[in-house]
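Please work through each task with the sequence and structure in view.

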Amino acid sequence: MTGQDSADTSSVESWVVSAGRDRRPGSPLNVPPWPASNFVLGEGRSYARDDGTPGWAALETIVGGLEGGSAISFASGMAGIAAIFNQLPSGSVVALPDDCYHGVAELAHAGERRGRWTVHRLAVIDTPAWVKVCGEADLVWLESPSNPLLTVADLDVICAAPRKRGAILGVDNTFATPLNQRPLALGADVSVQSVTKFIGGHSDLLGGVITVRDENLFAALRRSRELTGATPGTLETFLAVRGARTLAVRLERAQRNAMALAERLSRHPKVTLTRYPGLASHPTHAAAKRQLKGFGTIISFDVRGAASAADAVCTGLQLIQHATSLGAVESTIERRASVSGQEHLPPTLLRLSVGIENVEDLWTDLDRALRNVP
Ligand code: PLP
């Protein structure tokens, strides 16, 4: 690949459209899927699990450039996150937010039960506790905005805090996307994208990309991918690159929709609480304004009544899909306490991932489903 090697050299909107292309005369504009595992020995690649394919490289160039570091693509966001946890020596201390993607919490607590490390859960908003734990923990894990309560951490302060020697500070940047937030520039060691979400953007692939600054950590994570076989699929990376091309425009539209819907939901008689970092009433609105270029596309809101009322909203919607996951062109909604490992959440909390549909159509759908609840 030739061309710019970092989003710093052009606007991100242009970078994401042009990066990772093969610019040699006669090359296809888009790196095609490479269904190949084995190569003629001699020069270059020999085996895809070790050496990757041009499709992986294109995705890594794009996401690495956006995040501002060196990227390694994985089979899913969780595969990349597991590779980071696997770097920890036994007896390590892990600091984890009280609100984060439940898969990460389950991974951390499963490792704790097996005696691999101990886990300390900290409130996302307790910045002094995070600063303190930076000096004590071997892995400091942050997710901002958090899933699903959308709490924004003081990443600028926490990432700059002195760390224990050899410690890793990782930020799951999936909800913000690298267009709204660049944790590595704030001092984090690792930034995570579940490519399944916004980068892919069409609910048609699983993928993950981990971006780092340190060469040794990069080499260790690459090796981990080789040895565990947590490699991305050929078609998946092709689709992820295609999705990334429209990331900026999708995000812009979906964020505008989300802001409008959050404001209206916050005044709706059937809604008791609306969480969206862009609302002045949001507990971490000030941090969001400071840290995020845009407030994102996820809204969490509580429906008046019992869990059955929230379920009725989900099944009463016609345009918005009743489905898990997020970050796609289509809007999706789910009652999060119905998901295993999320039972601690308010039983009526709905997590809405706002897509790129017409905002008035989305509102008509939501308002009707809410009003139809007894
Ligand atoms: N991080 C966050 C914030 C997520 O929401 C998810 C999945 O929902 C993941 C990581 C895991 O990503 P994947 O499903 O690609 O493994």
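**Exercise 1. Identify which side chain or backbone atoms contact oxygen atoms of the ligand.**

Solution. Begin with K197: an N or O atom in the side chain of K197 is 2.8 Å from an oxygen atom of the ligand. This is a polar contact, defined as a pair of N or O atoms within 3.5 Å; within protein, one must be able to donate a hydrogen and the other to accept it, and residues adjacent in sequence count only if both atoms are side-chain atoms. On its own the ligand has 390 Å² of accessible area, of which the protein covers 92% (Shrake-Rupley method, 1.4 Å probe).

Next, a polar side-chain atom of T196 lies 2.6 Å from a ligand oxygen atom. Finally, M78 contributes a backbone N or O atom, 2.8 Å from an oxygen atom of the ligand.

The model is predicted: local features need pLDDT of at least 70 and side-chain atom pairs pLDDT 80 or more, whereas totals for chains, interfaces and linings use all residues. Numbering starts from 1 along each chain as its sequence is written, and side-chain values use heavy atoms, without hydrogens and water.

**Exercise 2. Describe the shell around the ligand.**

Solution. The ligand is surrounded by 13 residues (a heavy atom within 4 Å). M78, D172, S194, T196 and K197 are the closest. By class, the shell holds 3 nonpolar, 7 polar and 3 charged residues, with Gly counted as polar.

**Exercise 3. Locate the salt bridge of R290 and state what it joins.**

Solution. The side chain of R290 meets that of D156 at 2.9 Å, N to O; a salt bridge requires a side-chain nitrogen of Lys or Arg within 4 Å of a carboxyl oxygen of Asp or Glu. R290 belongs to helix α13 (residues 285-291) and D156 to helix α7 (residues 155-160), so the pair ties together parts 134 residues apart in sequence. Helices are DSSP runs (H or I, at least four residues) and strands likewise (E, at least two), numbered from the N terminus. The whole structure has 18 salt bridges.
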